[in-house]
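This briefing goes through selected local features of one model. Please keep the sequence and the structure open while reading.

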Amino acid sequence: MKFKYDVLVIGGGHAGCEAATAAANMGATTCLITMDMNKIGQMSCNPAVGGIAKGQIVREIDALGGHMGLVTDATAIQFRMLNRSKGPAVWSPRAQCDRGKFIWEWRTILDHTDHLDIFQDQADELLVENGKVLGVKTIWGIDIYARTVVITAGTFLNGLMHIGKRKVEGGRCAEPAVHNFTESITRHGIRADRMKTGTPVRIDRRSVHFDEMEPQPGETDYHQFSFYGPHRHLPQLPCWTCNTNEEAHEVLRRGVADSPLFNGQIKSTGPRYCPSIETKLVTFPDKNSHPLFLEPEGVDTNEMYLNGFSSSMPWDIQLEAIHKIPALRDAKIYRPGYAIEYDYFDPTQLKQSLESKVIEGLFFAGQVNGTTGYEEAGGQGLVAGINAALLCAGKEPFVMNRDESYIGVLIDDLTTKGVDEPYRMFTSRAEYRILLRQDDADARLTERAYNIGIAKQDRYDWWIQKKEHINRILDFCNNTSVKPEVVNGFLAQLGTSPIKGATKIVDLVARPQVNFDNLSAVVPNLKEAIEASPNRKEEIAEAAEIKLKYKGYIERERVFAEKMHRLEDIKIKGHFKYSELHDLSTECRQKLEQIQPETLAQASRIPGVSPSDINVLLVLMGR
């Protein structure tokens, strides 16, 4: 029997699940190879999805027809919308999830996806012939052939875990590392390097003094991740906060000499924005406390995650330091924190479709591209799976611009700038934040997803219906006037100036003090217009209100984005032999030669390429 597929996905984590379902849903015969079918979609670190900018990515995955948002809503045990005190450009949803239910929700989706097979095995060798991928050979000697291969191996490639001076090979606690597979890739000229990440201690909730901690409740309003799926249904559980103290720090300082991060044992680079507790002590020696967040792992387990206490120190140092914190003085642990080193591949070796520039038909997604986070992995996996299926169908690749999605920003950053530390998405990485809000991901992406076949008819129909209801509310506000005698008393209560004549609702809503909620109390017609939406009324009203309130900012940013698109339209790949362009700086020539940007706009974003270099290329293109 010969195994033959259109798309073969290696690894059943967040990138792999999205890649496999995306390719299969587009009609490609697909196989997902995973080492353990009972740990598909495993949340290796914190069982939480979303956060600053990460929540936007999950909303985009959902808008494109992916599944992370649906799985999160189905398994969420605490939901919050972060950054509410700021503008909607940086509002970011976040949910704590039930770890076990998250796995089985994903497994159910995969088991019911047409054109998708799951095979429990481990890739051992990449099969390549004449610069084109053919498939893989597994550790059991099985050859699985495919027209395209998507590698989403996470932290498993030559994974090495550290607790103090002890080292154990593995891709995750109690799971084996993958050997040989990296080497079977690099022998074809693809560059690899090492990175590091870590995870905190897990604590038994029965041993915690919660009365000495501050509760952090979730929110139960209408917000969620999926634009399309059902609302959350699991019980909502609180998180808890406390702080480290000087006594705990003294214990931790004693262990720094045995920390693999500082004794030379770990030589790879770790995540800057999720540092270990020992790194915090060394980096911020003047701080006598650091915040900790004790977060539930599920509704049916006593296991809790101590966010803020990531560590690879000796286990006894970790436990002794935790016991110096009053609320955790009797804490029992399920397992200590640990660090893990793993292989990744330089993402500048990829096209923006995430296909390799070296091996035709080979795609990479997730932590193997030097990123960190479930959300970044899921976004890449979705794009890689889409493009693998499109390649098999002989169609043009699916690429998103920087003004179109955070996923587009992520992939452009990776393929253009590369990484020297694990890449994490922040809103500050996007220059078009007001265009990339969490509330309008479906407006940006669902129609595009429908046109390439990843978003199905029912999802598309729901978006069209939603768009019609938003436009109906906008039309009402733009065309309906309110008289002074109706609203001036209301405006005075809010401390804003009265109106002198009939004023359109759109102009009233533009005031910071006025919103749909308070204005509809005195303008019944507005409330009726909002209530006319058949479902998701609150979400539709929020989308319409944001469009009205921030109309000027949105239009200004759109004009700027369109100017930049002119550079995106100037294709330069294949036009120049950069080593011969001596009007460019040496660094510029080297970077352009290495990355081979598709467009002038992409070239302008490469570190080391100056505006004067871009001007030289513009002149040469003119010739």
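The model is predicted, so local features need pLDDT of at least 70 and side-chain atom pairs count only at pLDDT 80 or more, while totals for chains, interfaces and linings use all residues. Residues are numbered from 1 along each chain as its sequence is written, and side-chain values use heavy atoms, with hydrogens and water left out.

**Largest cavity**

- A cavity is, on a 1 Å grid over the protein atoms alone, a set of points where a 1.4 Å probe fits but cannot get out; lining residues have an atom within 4 Å of a point.
- There are 4 cavities of 30 Å³ or more.
- The largest cavity holds about 50 Å³ of space, where a volume is the space filled by probe spheres set on the grid points, which are joined across faces, edges and corners.
- Its lining consists of Q352, V383, F398, V399, M400, G408, I411 and D412.
- Helix α10 (residues 406-417) contributes the most to this lining, with 3 residues; helices (H or I, at least four residues) and strands (E, at least two) are DSSP runs, numbered from the N terminus.
- By class, the lining of the largest cavity has 5 nonpolar, 2 polar and 1 charged residues.
- In this scheme Ala, Val, Leu, Ile, Met, Phe, Trp, Tyr, Cys and Pro are nonpolar, Asp, Glu, Lys and Arg are charged, and the others, Gly among them, are polar.

**Second largest pocket**

- A pocket is an open set of grid points with protein on both sides within 12 Å along at least five of seven lines.
- The second largest pocket has a volume of about 520 Å³.
- It is lined by 22 residues, of which Q352, S353, P397, V399 and E598 lie nearest its centre.
- The elements that give two or more residues to this lining are α9 (374-392) and α10.
- Helix α9 supplies the largest share, 3 residues.
- The lining of the second largest pocket has 6 nonpolar, 6 polar and 10 charged residues.
- Q352 and V399 are among the residues lining the largest cavity, and both are also listed nearest the centre of the second largest pocket.

**Helix α6**

- Helix α6 (residues 246-255) has A248, H249, V251, L252 and G255 as its buried residues; buried means under 20% relative accessible area, exposed over 50%, and partly exposed in between (1.4 Å probe, protein chains only).
- Seen down the axis of α6, these buried residues fall within an arc of 160°, so they line one face of the helix; the arc is that of the directions from the helix axis to the C-beta atoms.
- E247 and R254 are exposed residues on the face of α6 turned away from the buried side.
- The buried residues of α6 pack against α7 (277-283), β16 (303-310) and α8 (315-323), with contact meaning heavy atoms within 4.5 Å.
- At the start of α6, a side-chain oxygen of N245 comes to within 3.3 Å of the backbone nitrogen of E247.

**Residues in other helices**

- Q56 lies in helix α2 (residues 54-63) and is buried, with a relative accessible area of 0%.
- Not counting residues up to four places away in sequence, Q56 touches residues including W91, Y406, T427 and R437.
- Y450 sits in helix α11 (residues 441-452) and is partly exposed at 28% relative accessibility.
- The side chain of Y450 makes a polar contact with the side chain of Q457 (2.7 Å); a polar contact is a pair of N or O atoms within 3.5 Å, where within protein one must be able to donate a hydrogen and the other to accept it, and residues adjacent in sequence count only if both atoms are side-chain atoms.
- Beyond four places in sequence, Y450 touches A455, K456, Q457 and Y460.
- L494 is in helix α13 (residues 484-494) and counts as partly exposed at 30% relative accessibility.
- Leaving aside neighbours within four places in sequence, L494 is in contact with Q513, V514 and N518.

- N83 has a phi near 65°; it lies in the loop between β4 (76-82) and β5 (92-97) and is partly exposed, with a relative accessible area of 22%.
- A174 has a positive phi of about 70°; it lies in the loop between β11 (166-169) and α5 (181-186) and is exposed, with a relative accessible area of 74%.
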